[in-house]
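I opened a new notebook page for this model.

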Amino acid sequence: MTKTLTLITMSQGNPQALRRTFESYAPYCQQIVYGDVLLFDEDREAVRAMQKDFPLHIVDFPFNFIFKHGFSAILNALAARTGTDYVTYANCSEIIDLNFPVQLGLLDDAAFNCFFFRHAVEQHRWVRTYNRQELCWS
């Protein structure tokens, strides 16, 4: 199977949770583009060490980038740096768990799957995989 998908994500901490996200998505992704908006050097070093384990490209941003430019701006900046047209976005700590709907006895469409899932408390669906040549965050 040729991987033609890139994961984009960012975080302001918690490299252990970020590793679990990378582990979950890596089998499906050609590349992981990570937005570094970290405050602590120890966290930055931990994430940079993950480059030996994952196809990880790190993009440095100032810590206050999101506050100045907005959340969609950082996602669009990350998508612009991918090597594929198809990208998917995941929050730090979100994982793909193929058995999750079965474990809960849920039979509806991809319940809580990060590619396409229903929000736990709101009546909408998140679709996070898209062609970056056709769509952008706003």
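Which backbone oxygen does the side chain of T9 reach? I looked it up: the side chain of T9 reaches the backbone oxygen of A90 at 2.6 Å. I call this a polar contact, a pair of N or O atoms within 3.5 Å; within protein, one must be able to donate a hydrogen and the other to accept it, and residues adjacent in sequence count only if both atoms are side-chain atoms.

**Ground rules.** The model is predicted, so I note that local features need pLDDT of at least 70 and side-chain atom pairs count only at pLDDT 80 or more, while totals for chains, interfaces and linings use all residues. Residues are numbered from 1 along each chain as its sequence is written, and side-chain values use heavy atoms, with hydrogens and water left out.

**Entry: T9 and its strand.** I placed T9 in strand β1. Helices (H or I, at least four residues) and strands (E, at least two) are DSSP runs, numbered from the N terminus. T9 has a relative accessible area of 0%, so I log it as buried. Buried means under 20% relative accessible area, exposed over 50%, partly exposed in between (1.4 Å probe, protein chains only). I then listed contacts, meaning heavy atoms within 4.5 Å. Leaving out residues up to four places away in sequence, T9 touches residues including L18, F22, V33, Y89 and C92.

I checked the rest of β1. Seven of its seven residues are buried. L5, L7, T9 and S11 sit on one side, and T6, I8 and M10 on the other.

**Entry: the sheet.** Which order do the strands take? I read β3-β2-β1-β4-β7, an open sheet of five strands with mixed pairing. Two strands pair if DSSP finds at least two bridges between them. β3 and β7 stand at the edges with a single partner strand each, so one side of each has no neighbour in the sheet. The twist averages 25° from one strand to the next.

I went through the partners of β1. It runs parallel to β4, with four bridges, and parallel to β2, with six bridges. L5 has Y86 as its bridge partner in β4. I8 stands opposite Y89 in β4 and has V33 as its bridge partner in β2.

**Entry: helices on the sheet.** α1 packs on the sheet and touches β1, β2, β3 and β4; its direction makes about 175° with that of β1. Axes are lines fitted to C-alpha atoms, for helices over the stretch in contact, and angles run from 0 to 180 degrees between N-to-C directions. Helix α4 (residues 71-79) lies across β1, β2, β3, β4 and β7, at about 140° to β1.

I listed the buried residues of α1 (residues 15-25): P15, A17, L18, T21, F22, S24 and Y25. Their cover includes β1 (5-11), β2 (31-36), α2 (41-49), β3 (56-60) and β4. Q16 also lies in α1. Is Q16 buried or exposed? Q16 is exposed, at 63% relative accessibility. Its C-alpha atom is separated by 9.5 Å from that of C92, 76 residues apart along the chain.

**Entry: cores.** A nonpolar core here is a set of buried Ala, Val, Leu, Ile, Met, Phe, Trp, Tyr and Cys residues joined through side-chain atoms within 4.5 Å. The largest core has 19 residues, and L7, F22, Y34, V47, F54 and L56 touch the most other members. β1, α1, β2 and β3 each give two or more residues to this core. α1 gives the most, with four residues. I looked up F54: it touches R19, F22, E23, A26 and I32, not counting residues up to four places away in sequence. A second, separate core of 16 residues includes M10, V33, F65 and I66.

**Entry: aromatic rings.** How many aromatic pairs does a search of the whole structure find? I count seven. Rings of Phe, Tyr and Trp (its six-membered ring) pair if their centres lie within 6.5 Å; planes under 30 degrees apart count as stacked, over 60 as edge-to-face and the rest as tilted. F63 and F67 form a tilted pair, 6.4 Å centre to centre, with 50° between the planes. F63 is partly exposed at 32%, and F67 is exposed at 62%.

Y89 and W137 form an edge-to-face pair, 5.7 Å centre to centre, with 75° between the planes. They are 48 residues apart: Y89 is in β4 (residues 86-89), W137 in the segment after β7 (129-131). Y89 is buried, at 3% relative accessibility. I close with the cluster: F71, Y89, Y130 and W137 form one aromatic cluster.
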